[in-house]
Each structure stands twice: as structure tokens, then as C-alpha cells.
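Trainee: I have a structure open and would like to learn how to read it. Could you guide me through a few features?

Mentor: Gladly! Let's look at it together.

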Amino acid sequence: MSEKKEIWELEQTAKWSHSLREKKIAIKEMSFHGELAIPYLDEVMNVTTYDEIKAACMEAIKAIKEKNPTRNQPEQDTAIEYGPSTRLADLPP
């Protein structure tokens with residue numbers, strides 16, 4: 001099975017499974033595919049109504065980007081300070 005098809009199947013599980021546990025497992029497995037999985041994780045995050053699943057997607061994307069920091073961070077000379085970052089826990093219900 002191709003990698004994209006495998007990620008797509010995991011995305012479908014993460015989006016449509018009735019079990020939160022299955023959704024989280026699918027998200028974790030998607031994260032093992034690295035940057036290729038980011039658009040799929042974004043899609044899950046945009047479709048779901050569960051804050052827990054949105055948070056899992058955000059954490060998976062963050063973990064993927066941390067594994068490849070040179071591609072995702074600006075050069076030292078051009079870095080911009082945006083202030084404190086907002087976490088899901090800081091947002092109003």
C-alpha cells in the first residue's frame with residue numbers, strides 16, 4: 001500500500017471513527033509519516049468538533065515540525081518575535 005493511501009485511511013479513521021481512542025491512535029500513527037501527514041492532520045483538525053482531537057492534531061503537527069526544525073524555522077537574522085504563544089488550554093470554551 002502506498003504511503004499516501006495509508007495516511008488517507010488513517011485520516012478517515014481519525015475523522016469518522018466513533019471511538020476517541022481509535023481517533024487518537026490514528027493521529028499518532030499519522031504523525032509517524034512526518035511532513036507528508038501535516039495536510040491530513042490539518043484536515044482532521046478542521047473537521048472534528050472534539051477539542052481533544054484538535055489538541056492531538058496540534059501536538060502531532062508540532063512534533064513533526066520539531067523533528068525537522070531547519071525547514072520550519074526562519075533564519076536567525078530574520079527571526080520575528082511574536083510574543084507568548086497561545087495554547088488550546090488558554091482559549092475560552
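Mentor: Two residues are in contact when they have heavy atoms within 4.5 Å. Keep in mind that this model is predicted.

Trainee: Which residues is valine 44 in contact with, leaving aside its neighbours within four places in sequence?

Mentor: Valine 44 meets Glu11, Ala14, Lys15, Ile27, Met30, Ile53 and Cys57. Val44 also belongs to the largest nonpolar core, a set of 17 residues. Ala14, Ile27, Met30, Leu41, Val44 and Cys57 are the members that touch the most others there. Helix 1 (3–16), helix 2, helix 3 (38–47) and helix 4 (51–67) each contribute at least two residues to this core.

Trainee: Which residues of helix 1 are buried?

Mentor: Buried means under 20% relative accessible area. In helix 1, that applies to Ile7, Leu10, Glu11, Ala14 and Lys15. They cover an arc of only 135 degrees around the axis, so they lie on the same side of helix 1. These buried residues pack against helix 2 and helix 3.

Trainee: And how far does helix 1 reach from its first C-alpha to its last?

Mentor: Its 14 residues reach 20 Å, close to the 20 Å expected at 1.5 Å a residue.

Trainee: Where is leucine 20 placed, and what does it touch beyond four places away in sequence?

Mentor: Leucine 20 sits in helix 2 (residues 20–31), and it touches Tyr50, Glu52 and Ile53. Leucine 20 and glutamate 52 are 32 residues apart in sequence, yet their C-alpha atoms are 8.5 Å apart in space. With a relative accessible area of 30%, leucine 20 counts as partly exposed.

Notes: Residues numbered from 1 in each chain as written. Predicted model: local features only at pLDDT ≥ 70, side-chain atom pairs only at ≥ 80, totals over all residues. Heavy atoms only, no water. Buried < 20%, exposed > 50% of the residue type's maximum accessible area, 1.4 Å probe, protein only. Core = buried A, V, L, I, M, F, W, Y, C linked by side-chain atoms within 4.5 Å. Expected span 1.5 Å × (residues − 1). Arc of directions from axis to C-beta.
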